[in-house]
Amino acid sequence: MAGFLPKSGAESTGYRGLVGPLLLPTWVMVGVFLVIPVALMAIYSFLTKEFRGGVIWDFTLAAYDQFFFNRGLFGDEPPSIEWTYIAIFWRSVWQAGVATLLCLAVGFPTAWFIATRPAAQRGVWLFLVTVPYWVNLLIRTVSLKFLLRDNGPLNGSLMSLGLIDGPLPLVNTDLAVQLGLFYSYLPFMVLPIYAAVERYNFALSEAAADLYASRWVTLREIVLPVVRPGIVAGCILVFVPSLGAFLAPDLLGGAKTFMIGSLIDEQFKGSQGNWPFGAAVSMILMTLVMIVLILYARAQAKAERRS
Amino acid sequence: MKGVRHYPGFLAMTIGCLVVLYAPLIVVTVYSFNGSTSITQWGGFSWRWYADVFTGPEAPRFAAAAWNSLTIAVLAATAATAIATAAAVAMVRGGRFRGKSATFALINLPLMVPEIVTAVATLIFFSAIGLTTGYLTILIAHVTFCIPFAYLPIAARLEGIESSYEQAARDLYATRAQAFRLILLPLMAPGIISGFLLAFIISLDDFIITNFVKGAGMETLPTAIFGSVKQGIKPNIMAISTMMLAVSVLFVTLSYFINRSGQKTRA
Amino acid sequence: MNAPTVDIRNAVKRYGTVTALHGVSLSIADNEFFTLLGPSGCGKTTLLRMIAGFEDVTEGEILLFGKDIARLEPNHRPVNTVFQHYALFPHMSVIDNVAFGLKMKGMALAERRARAGKMLEMVHLSAFADRLPAQLSGGQQQRVALARALAPDPKVLLLDEPLSALDLKLRQAMRVELKQLQEETGITFIFVTHDQEEALTMSDRIAVMSAGHVQQVGSPRDIYEAPVNRFVADFIGETNLVPVTVEAVADGRATVLLPGGHRMSCAADAGIGPGAHHLSVRPERMNLGTTGDLEAVVERVVYLGTDLQLHTHLDGGQPLHVRLQNSARADLPAPGARVALQIEEGAARLLVD
């Protein structure tokens, strides 16, 4: 067996010459309907807004200026930092961060528990965890809102049990949005951690226990560092979509919990919209996400080189 | 003495996790059978809201939205699956070629760009080229973002199929086309079906992008439901939600079992 | 004289900058059981796959009955392959697997089912025709793979380590069956293996390969008794390789100086001149005697069941293993004893490195 030689499935199955035609549809679809649109969006963020939505082809930095600087009502005052939008971004990062930590706190024990079941049972547990993800996100969010309402089943049962006197104000709070995000993306946390724990060599834990480490010290000193790639992957998978989420903040939050998704959405609605500003906010969001993804890819490449 | 695998409280967390995941869905399902007009009071078991969905005043609107959702999902999933199957064969069986990693990034791009950004970019693109937003624009957008979802299970399946099966077929006088049709395609089938089902659910699920590129007067089920719940959650919405929930669960269960049986024949 | 069945002329295979085969030339005759033997990565599988058509030939020719097939698609080559892990189509029944090649060649349904049935009969699997491959044992799958490859009546059958996935007992039984099958069908077999015992028991001729070169081609006996170089001597069977100095050569015999100062005389092939060489002596071709060619000190006696192995060294410290049949002998030397070793005539071979 020529083990060290490059495997040349291409040569032997005869698809090498067909690579171009086979990939053409993908290139065309994603290239024309995603890459070009994103490039166009970048251009639009430097155009002048038209009042009934749309743009005028005059290049300007107005959209970014509006995002970062306050020049007074008539635009003639000396610029100061505009905190409104930065605060919305900050709140989005905060909400997504809290949701990520919530997912981690629940997702890690769940993933661990599933990965330590007998092999035959794992599939069923994983299936149970993933099924809700495939249920329409809108429906899940609406369901959560229904459950959390002031006169909804949760408050109702708490009151009839006499645990609380009046309804807890759950909807339209930061907590509701965090719960909504947590609920939306929890499986994204469980799956990569599960994959990492499944590959974990439990002899390491036994060795630690043999060397007098307690269960929890072993968890902190041995398990967490070893399965860290899975944890990091899970956090990214929850944090990134949470950052730009629209449904959870829109349906479960109120005016005080306004997030990036809603800010962008507003710019494209009817005559109130501002397309260049919406494009600029989208660009800033995408840049933020790309930075996170690139940092992650770098860290992963570094970890791979080390091992 | 319990083994090193055991951590106290982890079982409770897992159960808690499942309760959180399922409680809202179960509550909505239960209340969709509520006989009372009030969504707070329990008025006994009844099918009245299901009847309302099909015959009530909003029935034509829901029927049109459901038709749009369903046909778009079928068309988008079919197109995305075909495109992804071709791409998977090239990526997995095409050896090393120039631009391979760029192509890989391209396939996964719809997963990396935040949904709302895709929505904005797509809207801007269609408005710039002067394509009126409507059924066609929704369909195009759905095909694009469904590609990676269809690709993942297909490519994973294909990677698990040794190339020696196709070589054996070629050795036994099959042409390249015959080897593909008689050997590779049947072996890939579970992955292709899985990919199709995932793409179908993803298309059915989409709200944000659809909402941006649908244009006036055009509705899919999610946008219709969203429009309704903005005025408050009504029982007929819960009935629709329960039906969609049932469809999703059915599809995922199907996909799960198809994948499992696929693994069995592979062994 | 007829053209050889398979004639490989100066075949070169390069993957980018890595060269897997450096100009291999081999002629394989009709009805021959020909084995490509060598360690992992020696290029034997690559060569087989080039004959089958799964790998491009970088340079050179592969002639089948005088016709160059090196650039033909695999489906246009009248050769069939038994794959290492059989590659039975998992979604097709056993009979459909066996009939696949016949179907591709355009044989009618009734005819090909009859032929496939006959092939299954030949490998004693008629009762399993409608099963799926996954429902068969490893040995049964192996027979199906054989039947499938033989069904289209190929000019040459290529076998890529077909026995490596079987357990020892089955493997030994299959060796005999394979050889029998080859003799009955009269088809040329080209067999790839890294297992020398397999190669020695079945082959008419063996090509020993290493690092992309053919080191030696010959009958099993030639290869074992008369290895042409150190690699072959060391790879096939067990041997003692002793670095020696040839002092003089005359009339096909050489005077050899061993480490430790002892001198002996042995046969020398043409091409052996004075200077440093290696002497190869098989352990079982030495015996204890009262007077002998060599004197050695016993270090330990290793019990192997059918055999005994003596670990000894010459005076300079050069180790030497001797293999003795385990008979009820009473005169076994104890560790530390000095013994005289007799080398059978012709068993000590001087090697060109």
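1. The contact between chain A and chain B takes 88 residues from chain A and 90 residues from chain B, where contact means heavy atoms within 4.5 Å. The model is a predicted one, in which local features need pLDDT of at least 70 and side-chain atom pairs count only at pLDDT 80 or more, while totals for chains, interfaces and linings use all residues. Residues are numbered from 1 along each chain as its sequence is written, chains are lettered from A and ligands numbered from 1 in the order in which they are written, and side-chain values use heavy atoms, with hydrogens and water left out.

2. The size of an interface is often given as the accessible area lost when the parts come together. Here chain A and chain B bury about 8300 Å² between them, and 79% of that area lies on carbon and sulfur atoms; buried area is the accessible area (1.4 Å probe) that two parts lose on being put together, summed over both. Of the area that chain A buries against chain B, 10% is supplied by Tyr15(A), Trp134(A) and Arg215(A), which is more than any other three residues give.

3. Which residues form a salt bridge with the closest N and O atoms 2.6 Å apart? They are Lys230(B) and Asp250(A), and across the interface of chain A and chain B the rule finds one salt bridge, defined as a side-chain nitrogen of Lys or Arg within 4 Å of a carboxyl oxygen of Asp or Glu. Across this interface there are also 11 residue pairs in polar contact, both residues being at pLDDT 80 or more. A polar contact is a pair of N or O atoms within 3.5 Å; within protein, one must be able to donate a hydrogen and the other to accept it, and residues adjacent in sequence count only if both atoms are side-chain atoms.

4. On the side of chain A that touches chain B, helix α2 (residues 19–44) of chain A gives the most, with 18 residues. Helices (H or I, at least four residues) and strands (E, at least two) are DSSP runs, numbered from the N terminus. By class, this side of chain A has 64 nonpolar, 16 polar and eight charged residues, with Ala, Val, Leu, Ile, Met, Phe, Trp, Tyr, Cys and Pro counted as nonpolar, Asp, Glu, Lys and Arg as charged, and the others, Gly among them, as polar.

5. A search of the whole structure finds 30 salt bridges over all chains. One of them joins the side chains of Asp65(A) and Arg71(A) (2.7 Å, N to O), and Arg71(A) is partly exposed, with a relative accessible area of 31%. Buried means under 20% relative accessible area, exposed over 50%, and partly exposed in between (1.4 Å probe, protein chains only).

6. In chain C, the side chains of Glu177(C) and Arg143(C) meet in a salt bridge (3.2 Å, N to O). This pair links distant parts of the chain, with Glu177(C) in helix α5 (residues 168–185) of chain C and Arg143(C) in helix α4 (residues 138–150) of chain C, 34 residues apart. Glu177(C) is partly exposed, at a relative accessible area of 28%, whereas Arg143(C) is buried, at 16%.

7. A salt bridge also joins the side chains of Lys179(C) and Glu183(C) (4.0 Å, N to O). Because they are four residues apart in helix α5 of chain C, Lys179(C) and Glu183(C) are separated by about one helical turn. Lys179(C) counts as buried at 15% relative accessibility, while Glu183(C) is exposed, with a relative accessible area of 53%.

8. Chain B has 11 helices and zero strands. Its C-alpha trace spans about 70 × 70 × 30 Å along its principal axes, and 58% of its 267 residues count as buried.

9. In chain C, four strands form an open sheet in the order β2-β1-β4-β5, with antiparallel pairing; two strands pair if DSSP finds at least two bridges between them. The edge strands are β2 (18–28) and β5 of chain C, each pairing on one side only. Strand β1 (residues 6–15) of chain C pairs with strand β4 (residues 59–64) of chain C over five bridges, and in β4(C) the bridge partner of Val12(C) is Glu59(C). β4(C) and β5(C) form a hairpin with two residues between them, and Phe65(C) in the turn has a positive phi of about 50°.
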